[in-house]
Amino acid sequence: MITLESKCEELSVQVERLMTEKETAHEEIRRLKDQNELGEFLSIADGTFSAFNNTYKTSLPPTSNVEYKFVIGLLGIVSNLSASPEGREFLITNSSGRELVQKIIQLIPELPSASGSSSLKRLMLMVLYNVSINKTGLQYLLESRVGDPLRHCLRDKSSMEETQVLCLRVLQSVTYDLTEPKYIEDLNATIPIDMIETMALSKSDNLNNVAKQVIKHLRNCEKYRTVMSQNV
């Protein structure tokens, strides 16, 4: 664990530098790729995340737990990495990166309710949002039925407002100018618009503003799908 922690801490510093020195991000990502540091890290992150969820699938450890802190740290690095165009491109084109994203999609609904689940969900949703900005990433999320974990978070009454806002932001991103009928149909069937309409009435500006944008996108998607079906 000590060796992994030191390796991940070193990469975390490098990723944080990418966030502040965006003009050199492309070269730095290329260097890390050439040295296989990013690929090795994503492999570690994917394996560690899987092992953590297999161990704590019924009950999360305390937030003071060393393994919990380590996984939070790994997800934080992945979130920061995917915040840059070059980073999210590598994440979604690397096999370990794609597997990690797939696990995030699958495991968000399975996380046991506990004080530490909100922090995990927040980082997982931030990764999904960042990935959705990438064209290849967006396609991957739609193919992986990203609406399922989003619906779970939105319906979960224990979800914090920040988690709900992040869910809506991911949904806002994946529905923007969406024109593929099968994905429109899937999202409309998965995400009940009346649930989003209720959130649009929230007193929280953060929540209701994003909810209104999602409603607009979903309705535009459905209008497009209807028009296309009539022209067939």
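In which crossing, left-handed or right-handed, does H4 pass H7? Select both helices (helices and strands are DSSP runs, H or I of at least four residues and E of at least two, numbered from the N terminus) and you will find that H4 passes H7 in a left-handed crossing, that is, with the near helix turned anticlockwise from the far one by less than a right angle, clockwise being right-handed. This is a predicted model, in which local features need pLDDT of at least 70 and side-chain atom pairs count only at pLDDT 80 or more, while totals for chains, interfaces and linings use all residues. Residues are numbered from 1 along each chain as its sequence is written, and side-chain values use heavy atoms, with hydrogens and water left out.

Helix H4 covers residues 66–81 and helix H7 residues 117–132, and their axes come within 9 Å and cross at roughly 20°; axes are lines fitted to C-alpha atoms, for helices over the stretch in contact, with angles from 0 to 180 degrees between N-to-C directions. The two helices are therefore roughly parallel to each other (angles under 35 degrees count as roughly parallel, over 145 as roughly antiparallel, 65 to 115 as roughly perpendicular and the rest as oblique). Next, show the side chains in the contact (heavy atoms within 4.5 Å), which include Tyr68, Val71 and Ile72 of H4 and Leu120, Leu123 and Met124 of H7. By class, this contact has 10 nonpolar, 4 polar and no charged residues, where Ala, Val, Leu, Ile, Met, Phe, Trp, Tyr, Cys and Pro count as nonpolar, Asp, Glu, Lys and Arg as charged, and the others, Gly among them, as polar.

Now move to helix H5 (residues 85–93) and H6, whose axes come within 5 Å and cross at roughly 85°, which makes H5 roughly perpendicular to H6. Leu91, Ile92 and Thr93 of H5 meet Ser95, Gly97, Arg98 and Val101 of H6 in this contact.

On a 1 Å grid over the protein atoms alone, a pocket is an open set of points with protein on both sides within 12 Å along at least five of seven lines, a cavity is a set where a 1.4 Å probe fits but cannot get out, and lining residues have an atom within 4 Å of a point.

Finally, select Leu142, Arg145, Val146, Gly147, Tyr183, Asp186 and Leu187, which line the largest cavity.
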